[in-house]
Amino acid sequence: MEYQIETLPTADDALANGRLTYRQMQLMAAVSDDPLTAAAELERLGFEVVPPSGNLPLRPNEY
């Protein structure tokens, strides 16, 4: 019981799922805002990143 309140047995799972969904949405927004930094970090982690053909994505503040 965090904060000394009573909760339903499924409350912790519901909160964890909500936090996960929120973090995923925030990550998607951040990647959309700065795909080059996201690609660089994925490459640093060992992923192979293939850029799209055509115009390269913009860096932040180049909108």
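A salt bridge is a side-chain nitrogen of Lys or Arg within 4 Å of a carboxyl oxygen of Asp or Glu. The model is predicted: local features need pLDDT of at least 70, side-chain atom pairs count only at pLDDT 80 or more, and totals for chains, interfaces and linings use all residues. Residues are numbered from 1 along each chain as its sequence is written, and side-chain values use heavy atoms, with hydrogens and water left out.

**Exercise 1.** State how many salt bridges the structure holds, and describe the pairing.

Solution.
1. The structure holds one salt bridge.
2. It joins the side chains of Arg44 and Glu41, at 2.6 Å from N to O.
3. Arg44 and Glu41 are separated by about one helical turn, because they lie three residues apart in helix H2. Helices are DSSP runs of H or I with at least four residues, strands are runs of E with at least two, and both are numbered from the N terminus.
4. Arg44 counts as exposed, at 60% relative accessibility, while Glu41 is partly exposed at 35%. Buried means under 20% relative accessible area, exposed over 50%, and partly exposed in between (1.4 Å probe, protein chains only).

**Exercise 2.** Find the nonpolar surface patch that includes Leu42.

Solution.
1. Leu42 sits in helix H2, residues 35-44.
2. With a relative accessible area of 37%, Leu42 is partly exposed.
3. A patch takes residues with over 30% relative accessible area and no salt bridge; like charges are joined within 9 Å, nonpolar side chains (Val, Leu, Ile, Met, Phe, Trp, Tyr) within 5 Å.
4. Leu42, Leu45 and Phe47 make up the patch, with about 300 Å² of accessible area together. Accessible areas come from the Shrake-Rupley method with a 1.4 Å probe; for residues, only the protein chains shown count as cover.

**Exercise 3.** Summarize the chain as a whole.

Solution.
1. The chain has two helices and zero strands.
2. Of its 63 residues, 6% are buried.
3. Its accessible surface is about 6000 Å², with 58% belonging to carbon and sulfur atoms.
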